[in-house]
Amino acid sequence: MSKFKIYWLNNSLFFLAQIFGWGIYALINFLFYRIGNDVTNEVTYFYILWFLMSVIISGLNRIVIKRYAITQISLLKQTIYMFVSAFIQSLIFFFILREIGLLLNVILENNVHAAFLDFSGVANFFVIFLVWNLAYLGIEYVFNYKKAEITELKLDAANKEVELNILKSQLNPHFLFNALNSIRALIDENPMKSREAITKLSNILRNILAAQKNREITFDEEIGIVKDYLSLEKIRYEERLDFNFDIDEKTLRFQIPPLMVQTLVENCIKHGIAKLPKGGKINIYSRLSGPLFFISITNTGKISTSDIVGNGIGIKNTLDRLELLYGNNAHFSLVQNTPDTVKAEIIIKMEEDGKTDFKKGEKQ
């Protein structure tokens, strides 16, 4: 919504509230006057002017509040302003209405308007304007608080978007260098397989570029990238690499950060399979248990010290992205599952529509 529309809307709501509130106030006083008194044209004019003066004086007070940013000063100073301005408004209101009443000959001794002949009317109007000040400043406080809160949320979202983009930029070179190293190893020993590997790498990069346009992709798309990647690595490691997918079809529609599983699989090969003379096996598993989406990647190998402290790019990016996107509604663990296997597990709380049931990055 444009600033002009917001300004127009705020002013329209203010004047509608003014007309309604002061209209009710003037009407109540008019009805009380009718009890035991004849209503003449002059009396009607008097209460119409009563209403108009109320709107004008409080409207001018609002201009002062806006002009001097009264809502931005300390609470003590705002309190002092409320009492002082209410007193000044009541004095102005009292004297103007008294002069109008005398001019219209509707303020006479011994009738309900006799209060205009002494200062008891000032006290009554002081209370009314004090209530107006309290209501207006209170509403302004709530409005400004909400506006500041929305601004802070937008700024926080923008900052997190920058952080996510930085994390993604770390993932692309990390994967690309590993893939190119795999192809380089094939060029001399098996040119045919190296050409096949280049084709697979092209497919992988195409999918990655498409995936990274979004903050999240479906688990089905992620698994497709992982399968292409493992097929590429299979060319390099041959019988030293074996892999298996145990995927619950119900989980394929769920949304996850792009390359999250692929990065962990890449770590399995780099820190596990590649270091073992006989190679090993990688198992990718997914299941749904209530609102919890479980993803686990198990590989042959042992956890190193760097893995435990989370210094590796893959582990660090996984932790950071889960933290930024899901807060406390996602969990990551890396454990020595058996003496010969390592297990990385991700748990994300999901809705039935395949999205998280919490605000992105919000701590619960």
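Helices (H or I, at least four residues) and strands (E, at least two) are DSSP runs, numbered from the N terminus. The model is a predicted one, in which local features need pLDDT of at least 70 and side-chain atom pairs count only at pLDDT 80 or more, while totals for chains, interfaces and linings use all residues. Residues are numbered from 1 along each chain as its sequence is written, and side-chain values use heavy atoms, with hydrogens and water left out.

**Confidence**
- The average pLDDT (the predictor's confidence in each residue, from 0 to 100) is 80 for the chain, and 80% of the residues score at least 70.
- Residues 1-9 have a pLDDT below 50, and this stretch makes 1 contact in the model beyond near neighbours in sequence (contact means heavy atoms within 4.5 Å).
- The pLDDT is also below 50 over residues 357-364, a stretch with 26 contacts beyond near neighbours in sequence.

**Sheet**
- Five strands form an open sheet of mixed pairing in the order S2-S4-S5-S7-S6; two strands pair if DSSP finds at least two bridges between them.
- Strand S2 (241-247) and strand S6 (330-338) each have a single partner strand, so one side of each edge strand lacks a neighbour in the sheet.
- From one strand to the next, the twist averages 15 degrees (axes are lines fitted to C-alpha atoms, for helices over the stretch in contact, and angles run from 0 to 180 degrees between N-to-C directions).
- Strand S5 (residues 292-300) and strand S7 (residues 341-349) are antiparallel, with 9 bridges; Ile295 has Ile346 in S7 as its bridge partner.
- S6 and S7 form a hairpin with 2 residues between them and pair in the antiparallel sense over 8 bridges, with Lys343 in S7 as the bridge partner of Val335.

**Helices on the sheet**
- Helix H6 (residues 219-237) packs on the sheet and touches S2, strand S4 (280-289) and S5, its direction making about 165 degrees with that of S2.
- Helix H7 (residues 260-271) lies across S2, S4, S5, S6 and S7, at about 20 degrees to S5.

**Largest pocket**
- On a 1 Å grid over the protein atoms alone, a pocket is an open set of points where a 1.4 Å probe fits, with protein on both sides within 12 Å along at least five of seven lines; lining residues have an atom within 4 Å of a point.
- The largest pocket holds about 800 Å³ of space, a volume being the space filled by probe spheres set on the points, which are joined across faces, edges and corners.
- Of its 26 lining residues, Phe14, Arg62, Tyr136, Ile139 and Glu140 are the closest to the centre.
- Helix H1 (3-34), helix H2 (41-67) and helix H4 (120-189) each supply at least two lining residues, and H4 gives the largest share, 10 residues.
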